[in-house]
Amino acid sequence: MPHYTMDDLLYLMTQLRDPKTGCPWDIKQTFSTIVNYTIEEAYEVADAIEREDFQHLCDELGDLLFQVIFYAQMGEENGYFDFAKIVNNLVAKLIRRHPHVFPSGELKVKKDETEQVNVSDLDVKASWEQIKKQERLQQNKTQLLADIPLSLPALKRAHKLQHRAAQVGFDWSDHKPVIDKIKEELKEVEQAIATGKEEHIQDEIGDLIFCCVNLARHLQVDAEQAVRQCNAKFTRRFHYIEEQLAVNEQDCKSSSLVEMDYLWRQAKEKGL
């Protein structure tokens with residue numbers, strides 16, 4: 001079986017995009033048309049990791065890498081950048097953001113820099129954020145929240161917005177006031193429901209969810225990850241309901257909520 005390299009992958013991409021002999025689907029793609037595929041591939045990587053399916057993780061990482069190669073090819077065709085520039089910029093940025101590992105600002109570590117550096121995880125995070133702040137200033141991104149991508153999943157973006165604002169002191173002192181705020185927002189949801197106005201209800205539910213993300217952040221819980229785990233748990237338990245009903249030649253449509261809730265509790269007791 002052939003042993004392919006990165007060079008082979010780059011060459012393959014040029015052939016897929018060749019205007020005369022390439023693949024029609026690949027040729028017609030643009031930056032905007034493959035964005036959704038990129039997001040999908042990233043989620044498939046996350047899914048494989050959560051299921052600890054490391055055999056398929058290798059393939060999923062390959063699919064995600066292919067997205068980068070695709071962008072690189074289109075970038076080169078349009079004269080924006082190429083794969084070499086992507087790699088160069090990435091390495092330069094990582095060296096810049098890890099001064100505790102590369103104090104000389106070069107990739108090659110000098111002999112007198114090989115001793116273990118006594119730096120904590122908190123020190124690294126603080127340094128990372130400071131360096132990113134300097135980078136934003138150099139890019140004329142003076143607004144604190146300006147570079148947080150709109151395309152991020154909503155819960156992830158909420159977390160980043162709150163985290164960034166907290167860096168300048170716009171934050172609760174601990175999680176207790178956040179819980180009080182959640183109770184306040186829940187009452188406002190109830191009031192909005194009473195009005196019957198859909199836009200008002202949606203707005204208040206958004207506030208409630210945003211506050212829940214804030215609570216998760218204060219408790220050092222990744223809200224996006226927590227909801228994904230909850231989704232997986234719901235799926236497992238619902239599958240259990242379907243399986244148990246099938247044993248008695250039933251399905252969800254022919255069963256009552258009481259019957260399904262009983263099976264749900266069974267699944268919960270079984271640790272599903």
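Start by selecting helix 8 (residues 175-195) and helix 9 (residues 198-218), helices being DSSP runs of H or I of at least four residues, numbered from the N terminus. In helix 8, the residues that meet helix 9 include Val178, Ile182, Leu186 and Val189, and their partners in helix 9 include Ile201, Ile205, Leu208 and Leu215; contact means heavy atoms within 4.5 Å. This is a predicted model, where local features need pLDDT of at least 70, side-chain atom pairs count only at pLDDT 80 or more, and totals for chains, interfaces and linings use all residues. Residues are numbered from 1 along each chain as its sequence is written, and side-chain values use heavy atoms, with hydrogens and water left out.

Now look along the pair. The axes, lines fitted to C-alpha atoms over the stretch in contact, come within 9 Å and cross at roughly 165°. That makes helix 8 roughly antiparallel to helix 9 (angles over 145 degrees between N-to-C directions).

Next, step into the loop between helix 9 and helix 10 and select Gln220. Its phi is positive, about 60°, although Gln220 is not a glycine. Gln220 is exposed, with a relative accessible area of 77% (exposed means over 50%, buried under 20%, with a 1.4 Å probe and protein chains only).

Colour its buried residues: Ala223, Glu224, Arg237, Tyr240, Ile241 and Leu245. They pack against helix 3 (35-50), helix 7 (154-166), helix 9 and helix 11 (257-269).

Notes
Axes are lines fitted to C-alpha atoms, for helices over the stretch in contact, and angles run from 0 to 180 degrees between N-to-C directions. Helices (H or I, at least four residues) and strands (E, at least two) are DSSP runs, numbered from the N terminus. Angles under 35 degrees count as roughly parallel, over 145 as roughly antiparallel, 65 to 115 as roughly perpendicular and the rest as oblique.
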